[in-house]
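I opened the notebook on this structure today. My entries follow the order in which I looked things up.

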Amino acid sequence: MERTFLAIKPDGVQRGLVGEIIRRFETKGFTLVGLKFLKPSQELAEQHYAVHRQRPFFAGLVEFITSGPVVAMVWEGDGVIAAARKMIGATNPLTAEPGTIRGDLGINIGRNIIHGSDAPETAKSEIGLWFKEEELVNWQPHLTPWLHE
Ligand code: DAT
Ligand code: MG
């Protein structure tokens, strides 16, 4: 079953949006299989955003993501990687579509509330970076027959 890594960033936590964001993925029908609340280390943040290390915003991005607690999550479901990216919306909340998390809840690219893996390879590596295998829970929600034909 497909899995993705999502993280509510320090701005989402500080603004009290944790429940609102988890609600969206729960009510959509995806399955939560991993959840932790942590203040990421410099090393974890730099690894997580390694692809951006040459970009001018890299230092600020790492400083921001390590500045406070983050809700790190793994969600499961058919097509969850692309669907979660759609639900999150464009990187810049000002241009993100209404109805998306960033489009509904944010106004600034440096405070865009949530991270989501962008492809199967990044989902795999990000899940491995943030979670140990034994921290992920394999379970079968009772709702499954009501969500799938
Ligand atoms: P996304 O989070 O939509 O996958 P990304 O991977 O291109 O976006 O960038 C990672 C994060 O870096 C993004 O969520 C916010 C920050 N960021 C991206 N582009 C930026 C920019 N031009 N100025 C400031 N921060 C930026
Ligand atoms: Mg990205």
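**Entry 1: Phe5.** I began with Phe5, which is buried at a relative accessible area of 0%. By buried I mean under 20% relative accessible area, with over 50% exposed and partly exposed in between (1.4 Å probe, protein chains only). Phe5 sits in strand β1, residues 3-8. I take helices (H or I, at least four residues) and strands (E, at least two) as DSSP runs, numbered from the N terminus. I then checked Phe5 against Leu129: 124 residues separate them in sequence, yet their C-alpha atoms are 9.9 Å apart.

**Basis.** I am working with a predicted model, in which local features need pLDDT of at least 70 and side-chain atom pairs count only at pLDDT 80 or more, while totals for chains, interfaces and linings use all residues. Residues are numbered from 1 along each chain as its sequence is written, chains are lettered from A and ligands numbered from 1 in the order written, and side-chain values use heavy atoms, with hydrogens and water left out.

**Entry 2: Thr4.** I moved to Thr4, also found in strand β1. Thr4 is buried, with a relative accessible area of 0%. Its C-alpha lies 9.0 Å from that of Ala82, at a sequence separation of 78 residues.

**Entry 3: Thr100.** I looked up Thr100 in the loop between α5 (80-88) and α6 (101-105). Thr100 is buried, at a relative accessible area of 7%. A polar atom of the Thr100 side chain is 2.9 Å from the backbone nitrogen of Gly103. I count a polar contact as a pair of N or O atoms within 3.5 Å; within protein, one must be able to donate a hydrogen and the other to accept it, and residues adjacent in sequence count only if both atoms are side-chain atoms.

**Entry 4: ligand 1.** Which residues surround ligand 1? I listed Lys9, Tyr49, His52, Phe57, Leu61, Arg85, Thr91, Arg102, Ile109 and Asn112. Near means a heavy atom within 4 Å. This shell splits into 4 nonpolar, 3 polar and 3 charged residues. I noted the distances from oxygen atoms of ligand 1 to polar side-chain atoms. For Arg85 the distance is 2.8 Å. For His52 I have 2.9 Å, to an N or O atom. For Arg102 I have 3.0 Å, again to an N or O atom. The protein covers 75% of the 510 Å² of accessible area that ligand 1 has on its own, by the Shrake-Rupley method with a 1.4 Å probe.

How values were computed. Ala, Val, Leu, Ile, Met, Phe, Trp, Tyr, Cys and Pro count as nonpolar, Asp, Glu, Lys and Arg as charged, and the others, Gly among them, as polar.
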